[in-house]
Each structure stands twice: as C-alpha cells, then as structure tokens.
Amino acid sequence: VYKRQTEASIWWALVIAEAGASEGIPTLLLALEHGDEDLQQAARIALLKLGTDAVSSLLVVLEDEVPSDALMRASLELLGNVGFFSDCRSRSVFVAS
C-alpha cells in the first residue's frame, strides 16, 4: 500500500508542475522532507518547473521559518540549481548582521 501511495504522490507532484499550479508549492515543500527519495526528487523537479513562485517560497522558508535539515538542504540545492547564488547581491540575504 505504501508504495502505491508514494507512486500516486509522485504523479501528483509532476501533474502540479505541468499544470503550473503554484497552489501546490506548500505540499511540494513538505514532500522534500518525506523519507522516500523518489518523492523528494519528484518534488524538486516540480518546484524547478514552477519557477519564480517556487523560488520565492524557498526563500520564505529559509528566512522566516526554522526548516528541518532536509528542507534546508533541499531549498539551498534548488536555489543553487536556478542560479540564485550566482548573483553576489543575492547572497547577502543569508549574511548575518
């Protein structure tokens, strides 16, 4: 049963991405913390496809919340994948004052 639920969740994540449904971002962020690596990867792909809405949500997670280690790692990885850190001015977001 668990495997079928995970497979359904993976398909759901990919459908959200293809539909451009940014309303699904909070659930995709939760999926990044799930124990199943395939589901985490599907959530990463979906978030990358959702573009700027997903980037904004990832920044909010890192700035306003205390994310789990898994969510923080995934968020930083995704931000790196979209080139967020290539702009030196953007890095100042994470510099402590």
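## Helix 4 against helix 5

In this predicted model, the axes of helix 4 (residues 52-64) and helix 5 (residues 69-81) come within 10 Å and cross at roughly 140 degrees. Axes here are lines fitted to C-alpha atoms, for helices over the stretch in contact, and angles run from 0 to 180 degrees between N-to-C directions. Helices (H or I, at least four residues) and strands (E, at least two) are DSSP runs, numbered from the N terminus. The crossing of helix 4 past helix 5 is left-handed, a term used if the near helix is turned anticlockwise from the far one by less than a right angle, with right-handed used if clockwise.

On the helix 4 side, the contact consists of V55, L58, L59, V61 and L62, which meet L71, M72, S75, L76, L78 and L79 of helix 5. Contact means heavy atoms within 4.5 Å. By class, the residues of this contact between helix 4 and helix 5 are 10 nonpolar, 1 polar and no charged. Ala, Val, Leu, Ile, Met, Phe, Trp, Tyr, Cys and Pro count as nonpolar, Asp, Glu, Lys and Arg as charged, and the others, Gly among them, as polar.

## Helix 3 against helix 5

Helix 5 also packs with helix 3: their axes come within 11 Å and cross at roughly 45 degrees. Helix 3 and helix 5 are therefore oblique to each other, and helix 3 passes helix 5 in a right-handed crossing.

R44, L47 and L48 of helix 3 meet E77, L78 and N81 of helix 5. This contact of helix 3 with helix 5 has 3 nonpolar, 1 polar and 2 charged residues.

## Salt bridges

The structure holds 2 salt bridges, each defined as a side-chain nitrogen of Lys or Arg within 4 Å of a carboxyl oxygen of Asp or Glu. One of them joins E18 and K49, with the closest N and O atoms 2.5 Å apart. E18 lies in helix 1 (residues 2-19) and K49 in helix 3 (residues 37-50), so that the pair links distant parts of the chain, 31 residues apart. E18 is exposed, at a relative accessible area of 59%. Buried means under 20% relative accessible area, exposed over 50%, and partly exposed in between (1.4 Å probe, protein chains only).E77 and R44 also form a salt bridge, with the closest N and O atoms 3.8 Å apart. E77 is in helix 5 and R44 in helix 3, so this pair ties together parts that are 33 residues apart in sequence. E77 is partly exposed, with a relative accessible area of 40%, whereas R44 is buried at 15%.

R44 is placed in helix 3. Not counting residues up to four places away in sequence, R44 touches L32, E77 and L78.

L47 is also found in helix 3 and is buried, with a relative accessible area of 2%. Leaving aside neighbours within four places in sequence, L47 is in contact with I25, L28, L29, L32, A54 and L78. L47 and A13 are 34 residues apart in sequence, and their C-alpha atoms are 8.8 Å apart in space. A54, in helix 4, is buried with a relative accessible area of 1%. With neighbours within four places in sequence left aside, the contacts of A54 are I25 and L47. A54 and P26 are 28 residues apart in sequence and 9.2 Å apart in space, C-alpha to C-alpha.

## Overall make-up

The protein has 6 helices and 0 strands, and its elements run α-α-α-α-α-α from the N terminus on. Of its 97 residues, 34% count as buried. Among contacts between residues at least 6 apart in sequence, 54% join residues at least 24 apart.

## Basis of the values

Residues are numbered from 1 along each chain as its sequence is written, and side-chain values use heavy atoms, with hydrogens and water left out. Because this is a predicted model, local features need pLDDT of at least 70 and side-chain atom pairs count only at pLDDT 80 or more, while totals for chains, interfaces and linings use all residues.

Conventions: Parallel < 35°, antiparallel > 145°, perpendicular 65-115°, else oblique.
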